[in-house]
Amino acid sequence: MRRGACGQTDVVRVAWSGLHKGEEPPVSGEHGSGMIFFTGCPLGCRYCQNYQISSSDENAYGIDVSVDELAMLMLALQEDKATTLNLVTGTHFIPSIVSALEIARKKGFSLPVVWNSSGYESIEGLTLIDPYIDLWLVDIKTYDRAVARTFCGKERYVDCIDSVMDFITSRHPVSDIEHLKGTLVRHLVFPGALNATRSFIRKFARNYKDSCYLSLMVQFIPPKGDLDCQSLSEDEYDSLVDLIDECSIENGFIQEQGDDDILWIPDFTKDVPFPSSFAKPLEYFLSLKRKALSR
Ligand code: SF4
């Protein structure tokens, strides 16, 4: 069967599902966001914390699930009191996800749905999934070609992200994060590329500050150890916070610096890939995993 740039075929693969409290507060809510991490990714970020599952290698970690099982996962997350359904890097499985959402809705699924992606996506795919999405959680990597080449492995990311943001903001011109509507733009500061982050912040302020929320993340973790990754100094951090103020960006979140407790890389081969204080696996997912491993 033919594999795409994401490393996957048209068979949906899921790497983990369960409740997770590490998302932005409205997304996690009281009990946690109901995560479904899909296997494979069309980008190849050298710093990817989820490299066990995102690699375009056919051995990327995950189990095959049918569309009916995917719908059951959604319903089981709702049953487990998830605040939101959080679809992580589902870009390459959009048609199957749409079918699963249709099945789940017919069976009473009603959680707000979060589309959690890199923004390296086609308008055709986004048009299909848009009617099902409440909150767009777009991780804008950079607008800088050299930075995109170095960190994300694809210079053309910068050509894609503008049209993706135009599409989303034209359809959802107003955001209300407390009610899980609209768009939350995440941006991770890359080490040694502070100017690219400054350009991103200025462009966000010009184009999106009235229609989207911003979530600035500063804790870069280089799991593959092959990047020069000096951490952000306190002065650099403060200068970014000042720039956000100068640009009058009022809606959003800024990650605190230096909280070592949350410097971890998930291990998706475990039933709980994240610290257990953050995450609880879905029993139904574990049963699918046991079944898949026993085959
Ligand atoms: S887009 Fe996200 S999941 Fe994909 S390789 Fe980059 S960091 Fe990993």
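Leaving aside its neighbours within four places in sequence, Leu-73 is in contact with Ser-17, Ile-36, Leu-282, Tyr-284 and Phe-285, where contact requires C-beta atoms, placed from the backbone, to lie within 7 Å. The model is predicted: local features need pLDDT of at least 70 and side-chain atom pairs count only at pLDDT 80 or more, while totals for chains, interfaces and linings use all residues. Residues are numbered from 1 along each chain as its sequence is written.

Leu-73 is also, with Phe-37, Met-74 and Val-185, among the residues with the most contacts inside the largest nonpolar core, which has 83 residues. Such a core is a set of buried Ala, Val, Leu, Ile, Met, Phe, Trp, Tyr and Cys residues joined through C-beta atoms within 7 Å; buried means that 20 or more other C-beta atoms lie within 10 Å of the residue's own. Helix α3 (residues 67-79) supplies the largest share of this core, seven residues.

Helix α3 packs against helix α10 (residues 283-293) at an angle of about 150°, with the axes 9 Å apart. The two helices are therefore roughly antiparallel, a label for angles over 145 degrees. Glu-69, Met-72, Leu-73 and Ala-76 of α3 meet Tyr-284, Phe-285 and Leu-288 of α10. These contact residues divide into six nonpolar, no polar and one charged.

Leu-194, Thr-197, Arg-198 and Ile-201 of α8 make the contact with Glu-236, Leu-240, Leu-243 and Ile-244 of α9.

Definitions and conventions: Two residues are in contact if their C-beta atoms, placed from the backbone, lie within 7 Å. Helices (H or I, at least four residues) and strands (E, at least two) are DSSP runs, numbered from the N terminus. A residue is buried if 20 or more other C-beta atoms lie within 10 Å of its own, exposed if 12 or fewer, and partly exposed in between; C-beta atoms are placed from the backbone. Axes are lines fitted to C-alpha atoms, for helices over the stretch in contact, and angles run from 0 to 180 degrees between N-to-C directions. Angles under 35 degrees count as roughly parallel, over 145 as roughly antiparallel, 65 to 115 as roughly perpendicular and the rest as oblique. Ala, Val, Leu, Ile, Met, Phe, Trp, Tyr, Cys and Pro count as nonpolar, Asp, Glu, Lys and Arg as charged, and the others, Gly among them, as polar.
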